[in-house]
Amino acid sequence: MNVLVQPKRVAQILAVAATSLALISIAGQFAKYFLGKGRLWGLTGLFNVDYENNIPTLFAAFILFLASILLFLVASAKRRQNDRFTNHWRVLSILFLYLSLDELLSIHETINKNLGENLQSWQSGPWDILNSVLISIFVLAYINFFLRLPVKIQHLFFIAGSLFVLGALGIELACVHHLSNICHGSGFTAEIIITVEELLEMIGITVFIYAVLLYMNSFLNEINISIVKSTSSSTRELTAKYKNLLD
């Protein structure tokens, strides 16, 4: 069985799904604040992008995990080629796996709550400051890796990273320093800002997945998935073969 993956089609499906979830979330909040329908049989909370353990959370975790798997496949292929940037791909795969788990388990929120009153008193929040430092270190460590990528992939990676950072950190910092009363209040405008923040993150990840799939297409011709009978027993073994790597 041959699996045909079309990068553009995959990106379109993920982008439509992310946008639809954001619009449904906004619709739920509109019903809450303007129509007096706070729950709508539980649907408002189920699709609110600012809530945990619901459909938007599962979707965000899924696309992060998908990115991690794709990066792992690239790292595996690069290892066979003895590529100097194999470990960079591996680290990216691990990073996205962590982000996926964090989306599901709210790891950084838990850490933030347990840092202590002194750290919590920082105006921008200890986690935002730590993120800024880690992003700076990451950029420095990946400059050569980035410059070795094809130009189109560079552009897509830059767009994806910019969208994700803008959603994950930029809007939050803007809320802390300039829009605190609006962002941290309880109103429809605050919900819109939060929804835009989450949507930017999801679209950023979608663009990144598209870029990785395009990059894989440049050196990996096909992925074959075969189901064969074992010679030693009647059980079936699922074997994934990755072949025809370009020299």
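The following legends describe close-up views of a predicted model.

The model is predicted: local features need pLDDT of at least 70 and side-chain atom pairs count only at pLDDT 80 or more, whereas totals for chains, interfaces and linings use all residues. Residues are numbered from 1 along each chain as its sequence is written, and side-chain values use heavy atoms, without hydrogens and water.

**View 1. A nonpolar surface patch covers about 740 Å².** The patch is made by L95, Y98, I135, F138, V139, L140, I143, L147 and V165. At least two residues come from each of α4 (86–105), α7 (126–141) and α8 (143–147); helices are DSSP runs (H or I, at least four residues) numbered from the N terminus. The largest share, 4 residues, is from α7.

**View 2. F138 lies in helix α7.** F138 is partly exposed because its relative accessible area is 33%, between the limits for buried (under 20%) and exposed (over 50%).

**View 3. Helix α4 has 20 residues.** Its first and last C-alpha are 29 Å apart, close to the expected 28 Å (1.5 Å times one less than the number of residues). Buried residues of α4 include W89, L92, F96 and L99. Just after α4, S106 has a positive phi of about 55°.

**View 4. pLDDT stays under 50 over residues 230–247.** pLDDT is the predictor's confidence in each residue, from 0 to 100. Beyond four places in sequence, the model has 37 contacts for this stretch (heavy atoms within 4.5 Å).

Conventions. Patches are made of residues with over 30% relative accessible area and no salt bridge: like charges are joined within 9 Å, nonpolar side chains (Val, Leu, Ile, Met, Phe, Trp, Tyr) within 5 Å. Accessible areas come from the Shrake-Rupley method with a 1.4 Å probe; for residues, only the protein chains shown count as cover. A salt bridge is a side-chain nitrogen of Lys or Arg within 4 Å of a carboxyl oxygen of Asp or Glu. Buried means under 20% relative accessible area, exposed over 50%, partly exposed in between (1.4 Å probe, protein chains only).
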